[in-house]
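Subject: Structure handover

Hello,

Here is the structure we spoke about. Please open it alongside this message while you read.

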Amino acid sequence: MNLTVRDILSLGGLRDASIVAGNGGVNNIVDSISVLEVADSNISKWVLKNELYITSFYAIHTNIEKQKEVIRALHKSGGCGLVLCHIDMWIKDIDKEIIELCNTIDFPLIVANSEVSYVEILNPIIEKLMKINIDNFQLLLSTQNKLIEQVANKEELEDIFNNISSMFEQEILFLDLDNNCIFSKNADKNTIKTVEDYLRLNFNTINSECDKFNYCIKNIGQKKKVLYPIKTIGKFYGFVVVGYEEERFEHTLRKIENIAKICTLIYTKKVESKN
């Protein structure tokens, strides 16, 4: 379950807010929320992907170019939207250039009721995000327990991987330590062979990159793929490979990390059951 910009309009202090521009981004995922007070492009150094920002623009309420600069920096760095507060106090009217910019880049610009405080906006969203994180953790734990139980019952790996893939909407491939695909979802035979061949030819380079960042992104067959190793200390089991989607990458990466952990548990249990 994910919280989106559309969803937050039903929470607390944003129930009577409105999106005045950037409606194309209403399905942007909201992973966190923060107050924005810095008024220049330097914010790109600490903007978090999928973070929603709240501001009154009080420091730059008369400077349209600065406002545009901040919005561009938020968008470029992966921010999911901007909430303008106390609009009657500082920005009396939103300039048409701001509206045009947000519409052009599909960056949601939300105007809150001028009587609503930051706390009334922040708290309900934070509480919702905390609940989602707990629910996701419990779902992961439940999935892990179910899969480990399947392993204990010596069920086939194909059935287990099929269950894992049910929590993933995109193309996904599981490869063994010899770079052979042992299970795939939403991937045709040509894609599977292309991925297998690529891994065999570039195995050392890929492993070196994954050692640094835990994953790597490669162009394989003219499409970007995320490659994530399945391994424990001193033991390599293979790779999880999925299609790359820039707008959902952080969300996808968290899922892949969880899938890799589950796969590691499965392989470890399989080895133990053979001994």
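Below are the findings, from the whole chain down to single residues.

First, the conventions. The model is predicted, so local features need pLDDT of at least 70, side-chain atom pairs count only at pLDDT 80 or more, and totals for chains, interfaces and linings use all residues. Residues are numbered from 1 along each chain as its sequence is written, and side-chain values use heavy atoms, with hydrogens and water left out.

The chain as a whole

The protein chain has seven helices and ten strands. These are DSSP runs numbered from the N terminus: H or I with at least four residues for helices, E with at least two for strands. Of its 275 residues, 44% count as buried; buried means under 20% relative accessible area, exposed over 50%, and partly exposed in between, with a 1.4 Å probe and protein chains only. The accessible surface comes to about 14,500 Å², and carbon and sulfur atoms hold 49% of that. Areas come from the Shrake-Rupley method with a 1.4 Å probe, and for residues only the protein chains shown count as cover. Among contacts (heavy atoms within 4.5 Å) with a separation of 6 or more, 63% are between residues 24 or more positions apart.

The cores

A nonpolar core here is a set of buried Ala, Val, Leu, Ile, Met, Phe, Trp, Tyr and Cys residues joined through side-chain atoms within 4.5 Å. The largest one has 24 residues, of which Val 83, Ile 121 and Ile 125 touch the most other members. Two or more residues each come from α1 (5–8), β3 (51–55) and α4 (118–152), and α4 gives the most, with six residues. Apart from this core lies another, of 19 residues, including Tyr 53, Leu 82, Leu 109 and Val 111.

What does Ile 125 contact, leaving aside its neighbours within four places in sequence? The list is Leu 3, Ile 8, Leu 11, Leu 14, Ile 33 and Leu 52.

β3 and β4

β3 and β4 run parallel and are joined by four bridges; strands count as paired if DSSP finds at least two bridges between them.

Is each of them buried or exposed? Met 89 is exposed, with a relative accessible area of 54%, whereas Ile 87 is buried, at 13%. Beyond its neighbours within four places in sequence, Ile 87 contacts Lys 92, Ile 94, Val 111 and Ser 114.

Phe 57 is in the loop between β3 and α2 (64–76). Phe 57 is buried, with a relative accessible area of 4%, and has a positive phi of about 55° although it is not a glycine. Most residues other than glycine have a negative phi.

β8 (residues 216–220) and β9 (residues 223–232) pair in the antiparallel sense over five bridges, with Asn 219 partnered by Lys 224 in β9. Their hairpin has two residues between the strands, and Gly 221 there takes a positive phi near 60°. Gln 222, in the loop between β8 and β9, has a positive phi near 70° and is exposed, with a relative accessible area of 81%.

β9 also pairs with β10 (residues 235–243), antiparallel over eight bridges, and Ile 230 stands opposite Gly 238 in β10. Leu 177, in the loop between β6 (172–175) and β7 (181–185), is partly exposed at 46% relative accessibility. Leaving aside neighbours within four places in sequence, Leu 177 contacts Phe 236, Tyr 237 and Gly 238.

Regards
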